[in-house]
Amino acid sequence: MLARLALGNVRKSLADFGIYFLTVMLGVAVFYAFNSMTAQQGVLAFSETQSKMFDLLGMVIGGVSVFIAFVLVFLVVYANSFLIKRRKREFGVYLALGMSTGDVVKIVALESLIAGAASLAAGLVVGIGLSQLLLQLTSALFQADVAEAGGFAFVFSAIFLTAALLNARTVARAKLIDLLHAQRKNEEMRLTSLPLSLALFAASLVLIGVSYKLLIDNGLMEPSPEFAAATLLVCAGTVLFFYALSGFLLKLVQLIKPLYLRGLNMFALRQLNAKVNTAFASLSVVCLVLFLAITSVCGGIGIRNAIDGSLDKSTGYSASVSTSFGSYNAEAGYQPAELGEFGAFAERQGYDMAAGLRASVAAVGAGDFDAAASRTAQIDFLVDPADGLVMDDVERASGLKLSDYAGASVNSGYGAYPVYLAKLSQVNAALELAGRPALELGAGECAVFSDSDITSGFYRDAVDRGTVLSVGGRDLRVAEFRGESLQTTPFPMNTGTLVVPDEAVPAGSAILQSVLDVQCASDEDEAAFGEMMDAVADTDNPDTWPITLSMTRAEVIDQSISLSTIVAYLAIYLGFVLVIACAAILAIQQLSDASDNAQRYGLLRKLGAPEGMISSALFVQVLVYFLFPLLLAVAHAACALVVVTDVVAVFGHLDITSMALACAGAFLAVYGAYFAVTYVGARKLVRE
């Protein structure tokens, strides 16, 4: 009997359960889809590198899912609180008609479990489909394994059971008089002074503006007091913004008489003011969480696009092997690396990498170097220990500032960074090996190579200005800029290499780094070459070449794609759940407000207001309530993305426009769905 009554109540209250159902369904779907990815067989099983990165993806998503689970618990309980508040009068009627408190508690618990089971089932169906889509985007070869749904069903069943017990406890402890009069309690206004609200609103804009300036000026590349101050100020400014918004909005609209007096705008505005005034804290949290969601999704997808977009430029060779022989900066000068007997071996080989690696492969018995590496080219990145060229020198000669181009993606000490020198003959050999046009220099000319977006714009303008640099006491005009990568690398690493004629290289130049670019005849040879270099790098035989880093094209592609996938999935996972949380909170607040004020809307009907005008006023109220935190969050995110773009430039070029449009579409789809369900539910409530 009680089960039949609970099922009937759920059927009759489908509109009330709409937000609850949508929230749980989407939460279960996303939670299942992302977590089930690592339970599938054959996903990303293309190489050992990708398998390891996919294991890392599983670990990261598993850790984040703990946080997501707490968010979903909060949402389920918060949504349940609305349902209980909405139906307290109904429960009071049950008690007044003679039903025992225990029976009412059982009905409430059964209703929660029925709604939870239905939303869980729907969420798993959607989640299975979503997991298939995610897996197809990741790999075309997979076998869906739905058996893991049992584990997720257990987790969410525990959540629903907890919510049911909390609901039952609320009803059991409530007094009959409170249940019957629950809908007559009004919220108290917290801020009633209009001049004070205007002053606080102006102060909030000042705080937010100062936080924007601090963030843009100091960036995200390294922790700083300014970044901490910007974070605190934007939080304080956001809270103050919503605390003072109601009075400011009222005054602003009242100044526009045609708008204020049109239709039921006066009524809708005062309803909205009362809600914003009393719920400013939750609106502030929603705004900041939306800001975090937008920034994380845009930043994560931006890094993914930048990494993938730079692959063609950074994989021109089958493999590249590099060795660091020292370091240099303006303060400390040249510092040789401590390579011990390995460095002595390289010196005996005349720093010829091909000869040294050939001998090393033979020494460790790793195979035939010449059979795997069909063609090679070596580039030595040099510096003059007596008078090395650094970024400060280039800035003085060009009259430009790197920080004006790179923004917050460079730290305050970038002026001491060295500008490498490279011989024209070696660079042309590497370009020929990659099938690229050779570099031609006239008398008294040099060129600059940089594959990094951080410095490319700076050097292009330096070339346009005809910048003249002193190299070993000889003046050379920077005549050309080239953006090609001179090695196979996961990320753009060359922030500036000055290519000079061989005879212009200072006599006492020291090698900071040597790179051997290799072309192999086949994929099998490339894999064999990579294994040879691993063997040489791992040996303790002193008669071998010191390898700092060795990367094949396949390894770079595998690692880049795997890393970008992890970043993108994590960003989407977090962002999607956070948007669901924010939209659900706003929806429940508006539904609660509509339920509390149903009698006021009924009074409007008695005064002769048409149903269309009442629906229009409600539509405007719900729309504005959803837009307030979203618009401020977008403003925060727009400022943050200026800095995020500088950070992403470390990984490659970022097309902020296309990325922002894609993210906006995804966010609006979820946000808009909640808005539509909220408006439909609120309209039903006020019509009652």
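This is a predicted model: local features need pLDDT of at least 70, side-chain atom pairs count only at pLDDT 80 or more; totals for chains, interfaces and linings use all residues.

User: Where does Ser284 sit?

Analyst: Ser284 belongs to helix α12, which covers residues 280-309.

User: And what is Ser284 in contact with, leaving aside its neighbours within four places in sequence?

Analyst: With those set aside, Ser284 touches Thr238, Val239 and Phe242.

User: OK, zooming out. How many helices and strands does the protein chain have?

Analyst: There are 25 helices and 11 strands in the protein chain.

User: What share of the residues is buried?

Analyst: Of the 688 residues in the protein chain, 51% are buried. As for contacts between residues at least 6 apart in sequence, 86% join residues at least 24 apart.

User: Now the rings. How many aromatic pairs are there?

Analyst: The structure has 11 aromatic pairs. One of them is Phe201 with Phe241, a tilted pair with 5.0 Å centre to centre and 40° between the planes.

User: Which helices do Phe201 and Phe241 come from?

Analyst: Phe201 is in helix α8 (residues 194-218) and Phe241 is in helix α9 (residues 225-255), so their pair ties together parts 40 residues apart in sequence.

User: Are those two buried or exposed?

Analyst: Phe201 is buried, and Phe241 is buried too.

User: What about Phe458 and Tyr459, what sort of pair is that?

Analyst: Edge-to-face, because the planes of Phe458 and Tyr459 are at 70°, and over 60 degrees counts as edge-to-face. Their ring centres are 5.3 Å apart.

User: How accessible are they?

Analyst: Phe458 has a relative accessible area of 0% and is buried. Tyr459 is buried as well, at 3%.

User: Which rings link up into a cluster?

Analyst: Phe619, Phe626, Tyr671, Phe675 and Tyr679 are linked into a cluster by ring pairs.

User: Switching to helices. How do α17 and α20 pack?

Analyst: Helix α17 (residues 391-398) and helix α20 (residues 453-464) pack at about 40°, and their axes are 10 Å apart. That angle makes α17 and α20 oblique to each other, and their crossing is left-handed.

User: Which residues make that contact?

Analyst: From α17, Met391, Val394, Glu395 and Ser398; from α20, Phe458, Tyr459 and Ala462.

User: What about α15 and α21, at what angle do they pack?

Analyst: Helix α15 (residues 353-364) and α21 pack at about 80°, with axes 9 Å apart. α15 is therefore roughly perpendicular to α21.

User: Who's in that contact?

Analyst: On the α15 side, Leu357, Ser360, Val361 and Val364; on the α21 side, Met532, Met533, Ala535 and Val536. By class, the contact of α15 with α21 has 7 nonpolar residues, 1 polar and no charged.

User: Last one: where is Ala527, and how accessible is it?

Analyst: Ala527 is in helix α21, residues 523-538. Its relative accessibility is 43%, so Ala527 counts as partly exposed. The C-alpha atoms of Ala527 and Ala319 are separated by 9.5 Å, although the two residues are 208 apart along the chain.

Conventions. Residues are numbered from 1 along each chain as its sequence is written. Side-chain values use heavy atoms; hydrogens and water are left out. Rings of Phe, Tyr and Trp (its six-membered ring) pair if their centres lie within 6.5 Å; planes under 30 degrees apart count as stacked, over 60 as edge-to-face and the rest as tilted. Helices (H or I, at least four residues) and strands (E, at least two) are DSSP runs, numbered from the N terminus. Buried means under 20% relative accessible area, exposed over 50%, partly exposed in between (1.4 Å probe, protein chains only). Axes are lines fitted to C-alpha atoms, for helices over the stretch in contact, and angles run from 0 to 180 degrees between N-to-C directions. Angles under 35 degrees count as roughly parallel, over 145 as roughly antiparallel, 65 to 115 as roughly perpendicular and the rest as oblique. A crossing is left-handed if the near helix is turned anticlockwise from the far one by less than a right angle, and right-handed if clockwise. Contact means heavy atoms within 4.5 Å. Ala, Val, Leu, Ile, Met, Phe, Trp, Tyr, Cys and Pro count as nonpolar, Asp, Glu, Lys and Arg as charged, and the others, Gly among them, as polar.
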